[in-house]
Amino acid sequence: MSMTPLNRLEPMQLLDQTNASSKMKTNQYDFRNIFSEAVTNVVESENNLAKEQYLFASGQNEDTHSLGIAATKAQISVDLLVTLRNKALESYNELMRISL
């Protein structure tokens, strides 16, 4: 009865090469970029709302529609950020429940 030696794990080396090549490519749609873009959008919309409120309160802008539009944009951007955060937390909790 003869024993055959185990060969090296070639797929692991291929996996390392694949990971190295994928790190070189920049993926503009990863979660970090999407989340930071959402945070930036919230900050910009809040600043725009504050500017519109100031202009309306000081009498420099008599258009009430632009104030309402700015307020709605700010609310929608905050809602989007909260939804992204909730989905990220749900995903994290689901991953923590997986037993290996």
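Let me start with a definition: a patch here is made of residues with over 30% relative accessible area and no salt bridge, with like charges joined within 9 Å and nonpolar side chains (Val, Leu, Ile, Met, Phe, Trp, Tyr) joined within 5 Å. A salt bridge, in turn, is a side-chain nitrogen of Lys or Arg within 4 Å of a carboxyl oxygen of Asp or Glu.

Okay, some housekeeping. What you see is a predicted model, where local features need pLDDT of at least 70 and side-chain atom pairs count only at pLDDT 80 or more, while totals for chains, interfaces and linings use all residues. Numbering runs from 1 along each chain as its sequence is written, and side-chain values use heavy atoms, with hydrogens and water left out.

So, the overall picture. The protein has three helices and zero strands, where helices (H or I, at least four residues) and strands (E, at least two) are DSSP runs numbered from the N terminus. Of its 100 residues, 12% count as buried, which is to say under 20% relative accessible area, with exposed being over 50% and partly exposed in between (1.4 Å probe, protein chains only). The accessible surface is about 9000 Å², and carbon and sulfur atoms hold 59% of that; those areas come from the Shrake-Rupley method with a 1.4 Å probe, and for residues only the protein chains shown count as cover.

Now look at helix H2, residues 31-57. Its 27 residues should span 39 Å at 1.5 Å a residue, and the end C-alpha atoms are 39 Å apart, so the two agree; the expected span is 1.5 Å times one less than the number of residues. Which residues of H2 are buried? Ala-38, Val-42, Ser-45, Leu-49, Glu-52 and Leu-55. An α-helix has 3.6 residues a turn, so residues three or four places apart point the same way. The buried ones in H2 pack against helix H3 (64-97), with contact meaning heavy atoms within 4.5 Å.

Zoom in on Ser-45. Its relative accessible area is 9%, so Ser-45 is buried. Leaving out residues up to four places away in sequence, Ser-45 touches Lys-73, Ala-74 and Ser-77. With Ser-77 there's a side-chain to side-chain polar contact at 2.8 Å (a pair of N or O atoms within 3.5 Å; within protein, one must be able to donate a hydrogen and the other to accept it, and residues adjacent in sequence count only if both atoms are side-chain atoms).

Just past H2, Gly-59 takes a positive phi of about 85 degrees.

Last stop, that patch. Tyr-92, Leu-95, Met-96, Ile-98 and Leu-100 form a nonpolar one on the surface, together about 660 Å² of accessible area. Leu-95 sits in H3 and, at 55% relative accessibility, counts as exposed.
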